[in-house]
Amino acid sequence: MYRRLPTAISAGRRALSSSAVRRGYEDTIPNLQIKADSKVLCQGFTGKTATFHIKEALAYGTNMVGGVSPKKAGTTHLGLPVFGSVREAVKETKPDATVLYVPPPSCADAIIDAIENEIPLIVAITEGIPQQDEIKIMNALKSQSKSRLVGPNCPGIINPLGCKIGIQPGHIHRPGSVGIVSRSGTLTYEAVAQTTSVGLGQSLCVGIGGDPFPGTTHTDCVKIFLEDDNTKGLVLIGEIGGSSEEEAAEYLERYNKTRKNPKPVVAFIAGQSAPPGRRMGHAGAIISGGKGAASDKVKALEKAGVIVSDSPAKLGSLLLKAMRDAGVAACCPCSNVGRPGHLAACNLNPTVMSQNTFEPSQSFHDAASFVTSSSQLKNLSNNTKLELYALYKMITVSRHPNVTKPSIFDMTGRAKWDAWDKAGKEYSQVDTGTLQEKYLDRCKELGWVPSASTTTLNKQAEPTRVALEEENLDSIDWDAPDDQLGGQKRSDKSMGKNVSVLQEEDVEIDPKTPHGLAILGDEGRLETLLQLGGVDINQRDEFGYTALHLAADRGNVGVVKLLIARGADPSIQVRGYPRPLSLDGLGGYIYAIHRPERGSKIELT
């Protein structure tokens with residue numbers, strides 16, 4: 001049967017497709033299961049926003065096949081063909097999905113264009129589509145059985161095996177066994193980071209968006225996750241408003257809780273303190289008519305056997321415990337996701353997601369104990385410690401880091417992660433047994449004797465590498481104590497780490513530069529320096545950080561305000577790291593800076 005689109009939006013458009021056997025929009029749910037090699041098209045391809053995110057998608061390994069931009073048809077962009085219409089692009093590339101970076105006024109037409117051309121998956125990133133247009137989009141979706149919409153106003157969908165469709169930060173994802181569905185973009189990333197940090201990884205992540213008329217709901221994603229053998233656990237993130245979470249809870253109670261072996265599910269509901277009638281962020285996040293309250297959602301989920309966390313920071317640990325209790329915890333040891341040749345390099349497939357199963361010998365444990373208990377460990381260089389720390393982790397955990405790379409504010413953690421990742425590449429063709437022998441040889445060079453693990457370090461031996469347990473590396477003097485930096489104490493809210501350098505104890509912060517004063521939190525001297533002129537307030541240090549990065553890191557609120565007022569650019573980004581004003585919740589405080597151009601005053605709390 002064929003149904004026509006409402007004439008108010010589709011005059012002259014062709015009818016939408018459905019099969020002779022009556023089918024509906026629900027039949028498009030399987031389209032969410034994107035693969036590493038899924039072909040992806042982009043609408044609004046040559047715009048600034050699309051260009052940035054498509055570059056990121058290509059770097060991640062996404063199989064982008066081209067884009068649509070009527071005014072630039074026939075050209076190439078980012079090495080991909082540009083088509084004049086969706087119909088032409090579909091005819092030439094036969095995409096499995098399309099991602100839209102189209103302005104709100106014309107986004108509805110772009111979505112319906114994709115529907116008419118029967119693209120299986122449509123991902124609409126655009127925020128601010130008029131609700132009347134969203135209703136027309138929903139009518140178009142419900143009248144066909146070929147295309148599935150994710151969004152609008154969403155971060156997108158990602159399969160960590162190498163297909164990123166949207167604006168997600170790809171580097172925090174790892175292939176694994178957790179399915180994630182969320183109405184909130186940033187909380188999606190939090191859930192990803194949590195499940196990555198505990199070694200579980202993700203099978204599929206879907207940000208469904210927070211608008212009142214989403215193309216995909218929690219329940220749609222839950223259906224996929226429950227039937228997917230590669231998904232062993234679920235994370236569900238919701239917020240106040242609507243009934244999507246309650247409907248998902250009802251489905252879980254009916255089809256998961258009654259299973260012989262239910263899949264573990266952890267959830268978090270945002271907005272539990274929101275007053276009725278007030279919209280909180282998303283257009284759909286509003287309690288109205290006595291419905292959509294957080295308490296109702298929590299109660300429904302708990303009834304369905306879901307573990308409801310009181311904090312997004314606990315999602316990973318709660319799910320790991322639940323999956324261990326259920327005997328289904330699994331993780332991927334690979335850190336090369338999204339890099340060219342990733343799948344061929346590690347032969348990763350959904351059934352091979354486990355930690356290192358090698359069992360080290362007793363001699364190995366004795367050697368490790370000798371090195372970490374030696375009183376002379378402090379005499380070895382940091383590079384030496386890091387090199388054999390990495391060797392130790394390769395033998396006991398996995399060839400590559402199985403957690404996301406620590407933030408720029410954890411210099412010790414980043415150094416360890418880098419050393420581990422580098423060693424994994426260097427010894428990629430060496431079996432673990434040989435690595436263990438190499439480790440033992442290094443320990444012997446340092447004076448370890450197999451029959452006497454308490455021998456002191458041999459001062460005559462060249463300390464080329466030293467084995468090091470995880471907890472002992474934390475004692476390395478990467479940074480000078482607060483009271484030794486520049487002769488002044490930092491703010492009480494300081495994180496106690498120097499973002500831009502691996503600070504040695506005898507290095508002083510230069511109090512004559514914006515960067516030094518930003519670290520020290522000295523508002524008065526910074527104001528004087530800026531008044532003298534001749535200072536580039538947005539100048540980067542040797543690591544690419546601005547004074548605003550450093551002030552935000554330390555929690556020096558007064559300095560942040562001053563820098564913003566004097567023209568510091570909050571959009572400057574260091575490759576792979578957040579912008580200065582995206583560093584919420586760091587250093588023991590929360591701050592938010594509202595853009596002055598939107599009419600809001602600068603406000604930090």
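This is a predicted model: local features need pLDDT of at least 70, side-chain atom pairs count only at pLDDT 80 or more; totals for chains, interfaces and linings use all residues.
Seven strands come together in an open sheet with mixed pairing, and their order runs β9-β8-β11-β10-β12-β13-β14. At the edges sit β9 (163-166) and β14 (307-308), each of which pairs on one side only. If you follow β14 to its partner, you land on β13 (residues 265-270); the two pair in the parallel sense over two bridges. Look for Ala267 there, which stands opposite Val308 in β14.

| Helix | Strands | Angle |
|---|---|---|
| α2 (residues 48-60) | touches β8 (156-159) and β9 | about 170° with β9 |
| α9 (residues 294-303) | lies across β12 (233-239), β13 and β14 | about 175° to β13 |

In soluble globular proteins, nonpolar side chains tend to be buried together. Here the largest nonpolar core has 48 residues, and Val99, Val123, Ile157 and Ile165 touch the most other members. The biggest giver to this core is helix α7 (residues 218-227), with five residues.

Setting aside neighbours within four places in sequence, Ile165 is in contact with Ile34, Val40, Ala97, Val99, Val123, Pro155, Gly156 and Ile157. There is also a second, separate core of 25 residues, with Ile119, Ile122, Met138 and Ala140 among them.

How values were computed. Residues are numbered from 1 along each chain as its sequence is written. Side-chain values use heavy atoms; hydrogens and water are left out. Two strands pair if DSSP finds at least two bridges between them. Helices (H or I, at least four residues) and strands (E, at least two) are DSSP runs, numbered from the N terminus. Contact means heavy atoms within 4.5 Å. Axes are lines fitted to C-alpha atoms, for helices over the stretch in contact, and angles run from 0 to 180 degrees between N-to-C directions. A nonpolar core is a set of buried Ala, Val, Leu, Ile, Met, Phe, Trp, Tyr and Cys residues joined through side-chain atoms within 4.5 Å. Buried means under 20% relative accessible area, exposed over 50%, partly exposed in between (1.4 Å probe, protein chains only).
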